[in-house]
Amino acid sequence: MKNYCIVLLLLLCRAAYAQPVVITSPLDHPESIASDGKFLYATLIGKALAPTAKDGDGGLCKLDLSGKVIDAHFNKEPLNAPKGTALLGNKLYIADIDRLVVIDLSSGNKVDEIDMAATGSVFLNDIAVMGDSVLFVSATDIGQIFKVSLAKPNKVAPLSLPKILGPNGLVFDSGNNTLYVAGLDRSEHPAGELGMITFKGNACHYETLTDAKGVFDGIQMIDAYTLIVSDWVNIKLLQSRLLKVNLRDKSYTELYKGTDAADIYYDKKKNRIIQPGLRDGVILEYSLNRY
C-alpha cells in the first residue's frame, strides 16, 4: 500500500508539473517565437488565419521575457502571414509566404528582403542558421528545403534531396553539422517524419530519425542529445503533444498531450519551452526542469 501511494503521488506531481502556463493572451494567431535574451518576438499570422494570403494582416509582437506585451505592432512595415524566425546578430529573419523579411531589432524597421517566389513555394515556414552567412528555409508546401546564402547577391538553392513530406520545423546542430527536420502531414493518417540531414562537402543525405509519425511543427535542440518537438497529432480533433527525442538511441517520449501547438522556442537560461498557441491566440510556457 505504501509503495502504491508513493507511485500515485509521483504520477500526480508529474501531471501537475506538466501543465503549461499561459503567459500571454490574446494575440492574433501567433506562430513562432524568437528571443535575443532580452525580449521575446512573436510572429502573428493576423486576425484572419490565412497563412498564404498576401493581405498585410500579419505582424511582429515584442514582449518581455515574462510574456508581457511591450509593442503589439513592432514591425514598421506590413507583414502578410509571417511564420518561422531566426536571429543573426541584431537582425530577425522572418519567413513570410514567399520571401524572407529582415527586421532590425533596435528599431522594428525592415532592412532587407530576400525574394524566394521563384522557388514556387507559398508556404515558407521555418528558418535555421548555419554560421553567420547561411540560412536553411523549409518550404512545407513543395517538400523542399532551401539553402540561402546571405552574401550579396543572395543565392537560393534547394538541397539536393528527394522531396520530404511537409518539411516544417528546422534546427541546425553545428556540433555535428546536422540539420534536424520536423515533417508536417495533414492527411487523415499523418505520416510526417522526424528526420536528419547530414552534410559532407557539397553533398547531403537525409534519413529518418525515429519511427514516430505525426503532424510535426516546431523542433528545438535542448542539448547535444535531446530534441523537443511539437506535434498537432490531429488538427481537426484539436489534439497535440510535445515529444522529447533521445538522439542516442532514437527513442522518444511524450511530455505533454492536449494543448495548442505551433513552432517552439527553447529558453536555455530558464530551461523552458515557449510555444505559441496558434488557434487560441496565446503563448504557453513549459518548464523542463524535471524532464
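Methionine 116 is in contact (heavy atoms within 4.5 Å) with Asp98, Arg99, Leu100, Leu124, Val137, Phe146, Val148 and Val156, leaving aside residues up to four places away in sequence. The model is predicted, so local features need pLDDT of at least 70 and side-chain atom pairs count only at pLDDT 80 or more, while totals for chains, interfaces and linings use all residues. Residues are numbered from 1 along each chain as its sequence is written, and side-chain values use heavy atoms, with hydrogens and water left out.

Met116 is also among the residues with the most contacts inside the largest nonpolar core, together with Leu100, Ile127, Leu135 and Val148; this core has 17 residues. A nonpolar core is a set of buried Ala, Val, Leu, Ile, Met, Phe, Trp, Tyr and Cys residues joined through side-chain atoms within 4.5 Å, where buried means under 20% relative accessible area with a 1.4 Å probe and protein chains only. E11 gives the most, with three residues.

## A separate core

Apart from this core lies another, of 15 residues, which include Met196, Leu209, Ile219 and Leu243.

Note on methods
Buried means under 20% relative accessible area, exposed over 50%, partly exposed in between (1.4 Å probe, protein chains only). Helices (H or I, at least four residues) and strands (E, at least two) are DSSP runs, numbered from the N terminus.
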